[in-house]
Amino acid sequence: MEAPSFVFLSLLLILTATTTSAQLTRGFYNNVCPNVEQLVRSAVNQKFQQTFVTAPATLRLFFHDCFVRGCDASVLIQSPNNKAEKDHPDDISLAGDGFDTVVKAKAAVDRDPKCRNKVSCADILALATRDVVNLAGGPFYNVELGRRDGRISNLAGVQHNLPGPHFNLNQLNSMFSLHGLSQTDMIALSGAHTIGFSHCGRFSKRIYRFSPRTTIDPSLNLQYAFQLRQMCPLKVDPRIAINMDPVSPKTFDNQYFKNLQQGKGLFTSDQVLFTDSRSKATVNLFASNEKAFDSAFITAITKLGRVGVKTGNQGEIRIDCSRVN
């Protein structure tokens, strides 16, 4: 009588293993679309040459996709009545150049008859993200593939699932740990702000009305605060965007962490990484050792790319990245 229950148990183990840590692999498309990486790279490179915004926009798109329903390209879906993820206030500021990068890369892949409708939008976004990081001067890393595209995208999915610019360390850690990401992963991924930009409204409270007693956030470098006030006057055009790294905004490097050491983190959620003693040592390490940052970033973005993925026969391979088949 033992055998059947043992067989059932091992089957159960196999099933749970595949659903919890769905296996992505580096050579997933080797037999289907062997040159998928070159096709994506060349389309992304072309787009990057047209505008640098391609880099931060694509990287942020990937992050926002993975934190809501996992890395399943659900953020790309358009809704006729503006009820998709991308219509949520936290996603409305996602730059169009990120979406366009995926569209262009998808078209390049589909032009190869072998590859047509064989590569998921989720994998194309993951590859494009690696390429923009590298094109902006960041490290090259291998991307695990095999994600399938999700069929659901709604406003509710975004609510309370993305970190806010006002977050403290506890809030950041608890949100990242929901996705299996450690504090070090979170700090490394925050380093992506080295090429980021932000609209004034996301930080204006820090420079104009921090508290009843003090108008400027005391953790903010005063000279930097006055520079920000010049770039973001009170009645500023809401479309105006400010570089998050005032020193080398177009280079993916460790300057972001050096800025934090000087009180030049744009968001509260940036500066807190240095002011909180629990994370300060990691910021100091990344500021003094670019290799340590690159290596931690690769680990973190690889883990991010595994969050909530659909594999096997889950989801679908979207024919048009902006709509469900």
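Trainee: Where is Pro 163 found?

Mentor: In this predicted model, Pro 163 is found in the loop between helix H6 (155-158) and helix H7. A "binding site" annotation in an unreviewed UniProt entry covers Pro 163.

Trainee: Why is Pro 163 called partly exposed?

Mentor: The relative accessibility of Pro 163 is 22%. Buried means under 20% and exposed means over 50%, with partly exposed in between. Pro 163 therefore counts as partly exposed.

Trainee: Which residues does Pro 163 touch, not counting residues up to four places away in sequence?

Mentor: Pro 163 touches Phe 63, Phe 67, Leu 172, Met 175 and Phe 176. Leu 172 is also in contact with Ser 269, a residue of helix H12 (residues 268-275).

Trainee: What makes Ser 269 count as buried?

Mentor: Ser 269 has 8% relative accessibility, and buried means under 20%. Ser 269 therefore counts as buried. Leaving aside neighbours within four places in sequence, its contacts are Gly 164, Pro 165, Phe 167 and Leu 172.

Trainee: How do you know that helix H8 is largely enclosed by the rest of the structure?

Mentor: Helix H8 has eight residues, and six of them are buried, so the helix is largely enclosed. The buried residues are Asp 185, Met 186, Ile 187, Ala 188, Leu 189 and Ser 190. They pack against H7 (169-177), H11 (255-261), H12, H13 and H14 (290-304).

Trainee: Which residues make the contact between H8 and H13?

Mentor: H8 contributes Gln 183, Thr 184, Ile 187 and Ala 188. From H13 come Arg 278, Ser 279, Thr 282, Val 283 and Phe 286.

Trainee: How do the residues of this contact divide into nonpolar, polar and charged?

Mentor: Four are nonpolar, four are polar and one is charged.

Trainee: How far apart are Lys 258 and Ala 188 in sequence and in space?

Mentor: Lys 258 and Ala 188 are 70 residues apart in sequence, and their C-alpha atoms are 13 Å apart in space. Lys 258 lies in helix H11.

Trainee: What makes Lys 258 count as partly exposed?

Mentor: Its relative accessibility is 31%.

Trainee: Is Asn 82 buried or exposed, and how do you know?

Mentor: Asn 82 has 52% relative accessibility, and exposed means over 50%. Asn 82 therefore counts as exposed. Its place is in the loop between H3 and H4, and its phi is near 55 degrees, a positive value in a residue other than glycine.

Trainee: Where is Arg 69 found, and what is its phi near?

Mentor: Arg 69 is found in the loop between helix H3 (54-67) and helix H4 (96-110). Its phi is near 65 degrees, a positive value in a residue other than glycine. With a relative accessible area of 37%, Arg 69 is partly exposed.

Note on methods:
Residues numbered from 1 in each chain as written. Predicted model: local features only at pLDDT ≥ 70, side-chain atom pairs only at ≥ 80, totals over all residues. Heavy atoms only, no water. Contact = heavy atoms within 4.5 Å. Helix = DSSP H or I, 4+ residues; strand = E, 2+ residues; numbered from the N terminus. Nonpolar A, V, L, I, M, F, W, Y, C, P; charged D, E, K, R; others polar. Buried < 20%, exposed > 50% of the residue type's maximum accessible area, 1.4 Å probe, protein only. UniProt positions renumbered as here; feature names shortened; annotations may be inferred.
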